[in-house]
2 protein chains.
Amino acid sequence: LAHRIGWPRRFDRKELPDMIKTSRAPRIRSRALIDRGVRKLVVKDVALHQLALVRDVRGNLRVGEIGKGLPFVPRRYFVITDVPNDKVRGEHAHRKLRQFLVCLRGRCSIVVDDGKRREEVVLDSADAGLYVPPLVWAVQYKYSADAVLLVLASAEYDAADYIRDYDEFMRLVRRR
Amino acid sequence: LAHRIGWPRRFDRKELPDMIKTSRAPRIRSRALIDRGVRKLVVKDVALHQLALVRDVRGNLRVGEIGKGLPFVPRRYFVITDVPNDKVRGEHAHRKLRQFLVCLRGRCSIVVDDGKRREEVVLDSADAGLYVPPLVWAVQYKYSADAVLLVLASAEYDAADYIRDYDEFMRLVRRR
């Protein structure tokens with residue numbers, strides 16, 4: 001797995017545009033665990049899932065399914081493309097929604113933050129999916145021009161499920 | 001929808017490599033129906049579903065969810081890339097599996113065949129998803145070099161669900 005996925009790097013706030021308001025969470029550097037295709041990150045319940053790759057003369061096929069890489073049954077998907085490199089997406093947490101992010105082409109970076117720990121994940125391979133549970137603040141940035149980011153989500157769109165204010169996010173996390 | 005998706009063209013067997021053994025089904029040319037974002041094809045229960053596109057300065061987002069474009073709850077997904085242009089994929093039907101195909105980048109063609117009618121669909125936009133129900137023979141070909149084909153499937157992999165022999169497919173279709 002190591003050589004195929006982008007390993008999370010220690011978070012460096014200087015690299016982030018000012019609009020990312022996640023600077024209050026302390027930084028913690030820690031070695032993550034690898035267990036049967038799932039690599040837990042230091043941020044609570046966030047994990048990288050290894051996905052199967054089948055290569056043959058007819059091209060490459062990557063697959064994820066319930067029980068093999070895909071951690072929940074999706075009811076919604078969205079695909080993000082054509083993001084200018086200086087733009088940031090995401091910048092919110094969810095109350096209940098679970099998400100699974102796979103960068104199918106190109107690369108982008110995801111910063112995940114549980115209110116105590118923060119980590120940046122470079123997604124640059126369709127062989128790994130990033131699981132983001134509820135109550136994790138997530139920000140996407142550093143998109144390459146050709147990036148195609150697939151997000152599978154556990155529920156239909158619900159505006160009330162979004163937490164868009166970082167202070168509110170911290171209140172909810174502390175109450176947990 | 002018309003200008004955004006590749007409209008199915010009448011099937012022309014001469015364009016297909018010899019390996020496609022679907023020549024027995026009669027050709028029927030017919031106008032398809034368009035109804036609320038869903039365009040039914042002439043092949044039984046096959047349909048093109050329009051997907052929402054959200055454009056803003058942070059890039060483009062395409063979305064499908066249960067009740068809005070996505071016709072079933074997926075339990076498996078796979079992504080096909082790097083297909084040499086002369087190669088053909090698919091060439092089978094399923095007994096029970098439902099599939100939803102979206103070409104996220106580049107283009108490819110899907111031939112669908114219900115044993116009576118056949119149609120070729122050019123997928124060249126992430127704004128449309130092709131719903132392929134059980135007992136429809138499907139073949140994918142004419143991949144562009146940059147094509148990224150996402151397939152959402154209604155169940156986990158099951159080798160017994162595949163019908164790989166066209167004669168067996170025709171027997172099952174006639175019995176239906």
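In chain A of this predicted model, residues 24 or more positions apart account for 77% of the contacts with a separation of 6 or more. The secondary structure of chain A comprises 1 helix and 15 strands. Of the 176 residues in chain A, 55% are buried.

In general, strands of a sheet pair through backbone hydrogen bonds, in either a parallel or an antiparallel sense. The partner of strand 15 of chain A in this sheet illustrates the antiparallel case: strand 8 (residues 89-94) of chain A pairs with strand 15 of chain A over 2 bridges. Within strand 15 of chain A, the residue opposite A:Ala93 is A:Ile163.

The pairings of strand 5 of chain A can be taken in turn. Strand 4 (residues 52-56) of chain A runs antiparallel to strand 5 of chain A, and 5 bridges join the two. These two strands form a hairpin, with 2 residues between them. Across this pairing, A:Val54 stands opposite A:Leu61 of strand 5 of chain A. Strand 5 of chain A also pairs with strand 6 (residues 69-70) of chain A, here in the parallel sense and over 2 bridges. In that pairing, A:Glu65 has A:Gly69 of strand 6 as its bridge partner.

Strand 5 of chain A has a further pairing, with a strand of the other chain. It is joined by 5 bridges to strand 7 (residues 76-81) of chain B, and the two strands run antiparallel. One of the residues involved is A:Arg62, whose bridge partner in strand 7 of chain B is B:Val79.

This pairing leads to the interface as a whole. Contacts link 39 residues of chain A with 39 residues of chain B. The two chains bury about 3600 Å² between them, and 53% of that area is on carbon and sulfur atoms. On the side of chain A, the residues that lose the most area to chain B are A:Arg58, A:Tyr77 and A:Arg105, which together account for 21% of what that side buries.

Specific polar interactions also occur between the chains. The number of salt bridges between chain A and chain B is 2. A salt bridge joins the side chains of B:Glu65 and A:Arg76, with an N to O distance of 3.0 Å. Across the interface of chain A and chain B, 20 residue pairs are in polar contact. The elements of chain A that give two or more residues to the side touching chain B are strand 5, strand 7 (76-81), strand 9 (99-105) and strand 14 (148-153). Strand 5 of chain A supplies the largest share of that side, 8 residues.

Key
Residues numbered from 1 in each chain as written. Chains lettered and ligands numbered in written order. Predicted model: local features only at pLDDT ≥ 70, side-chain atom pairs only at ≥ 80, totals over all residues. Heavy atoms only, no water. Pairing = 2+ DSSP bridges. Helix = DSSP H or I, 4+ residues; strand = E, 2+ residues; numbered from the N terminus. Buried < 20%, exposed > 50% of the residue type's maximum accessible area, 1.4 Å probe, protein only. Contact = heavy atoms within 4.5 Å. Buried area = accessible area lost by both parts, 1.4 Å probe. Salt bridge = Lys/Arg side-chain N within 4 Å of Asp/Glu carboxyl O. Polar contact = N/O pair within 3.5 Å; in protein donor to acceptor, adjacent residues only side chain to side chain.
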